[in-house]
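Visitor: I have a structure open and would like to go through it. Can you take my questions as they come?

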Amino acid sequence: MRMIVLWVATAACLLASFVADRRRTLRALKLAGVRIGRIMPAFLVMLVLFAVGITLVPEAVVSRLLGQESGVAGVAVAAAIGSVTLMPGFIAFPLSGALLREGVPYMVLAAFTSTMMMVGVVTYPLERQYFGRGVTLIRNGLCLLIALVVTVVMGLVFKEIHW
């Protein structure tokens, strides 16, 4: 139902834009099409890799490394994987949903997704080139700290951590 509402709202906004300025709307749609065309190959590769990966990795391995009984070690593994993974949000969040269905706790998912979005081990060389070593290390360190705070808060909210 929510998706239908989003589609209708998007169509209404597009129609309003078209009525306001037909030429600019068509130009924007063309630009959007070009950009989608550019990211589609990478998106499809990520989708295929995700599907193959989730199929090949046995559920027992996922459960042992990231499941309910993994505790702090599961959070550490998820944070490490997230820190070195370069993946867009539109892939990361469906992956987290699949992991949730496999029994991975919210706290572990929070560590995985927040480090993936904020910590840039893979992008470190490029970031260092633009911002310098010090700024890059401080940013990544602070982001890791924030990700771990988010993880603990999620653990408290979902009662996966008990005081």
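This is a predicted model: local features need pLDDT of at least 70, side-chain atom pairs count only at pLDDT 80 or more; totals for chains, interfaces and linings use all residues.

Visitor: How many helices and strands are in the protein chain?
Guide: The protein chain has eight helices and zero strands. Read from the N terminus, the order is α-α-α-α-α-α-α-α.

Visitor: What radius of gyration does the chain have, next to a compact globule?
Guide: The protein chain has 20 Å, while a compact globule of 163 residues would be near 15 Å. The C-alpha atoms fill a box of roughly 55 × 45 × 35 Å along the principal axes.

Visitor: And what share of the residues count as buried?
Guide: 24% of the 163 residues.

Visitor: What about the surface, how much of the accessible area belongs to carbon and sulfur atoms?
Guide: Carbon and sulfur atoms hold 74% of an accessible surface of about 11,400 Å².

Visitor: New topic. How many positive and negative side chains are there?
Guide: There are 14 positive and 6 negative ones, and the centres of the two sets lie 18 Å apart.

Visitor: What is the phi of K159?
Guide: K159 has a positive phi of about 55°, although it is not a glycine. Most residues other than glycine have a negative phi.

Visitor: Where does K159 lie, and is it buried or exposed?
Guide: K159 is in the segment after α8 (133–157). K159 counts as exposed because its relative accessible area is 61%, and the cut-off for exposed is over 50%.

Note on methods
Residues are numbered from 1 along each chain as its sequence is written. Side-chain values use heavy atoms; hydrogens and water are left out. Helices (H or I, at least four residues) and strands (E, at least two) are DSSP runs, numbered from the N terminus. The radius of gyration is taken over C-alpha atoms; the globule rule is 2.2 Å times the number of residues to the power 0.38. Buried means under 20% relative accessible area, exposed over 50%, partly exposed in between (1.4 Å probe, protein chains only). Accessible areas come from the Shrake-Rupley method with a 1.4 Å probe; for residues, only the protein chains shown count as cover. Lys and Arg count as positive and Asp and Glu as negative; His and the chain ends are not counted. The place of a charge is taken as NZ of Lys, CZ of Arg, CG of Asp or CD of Glu.
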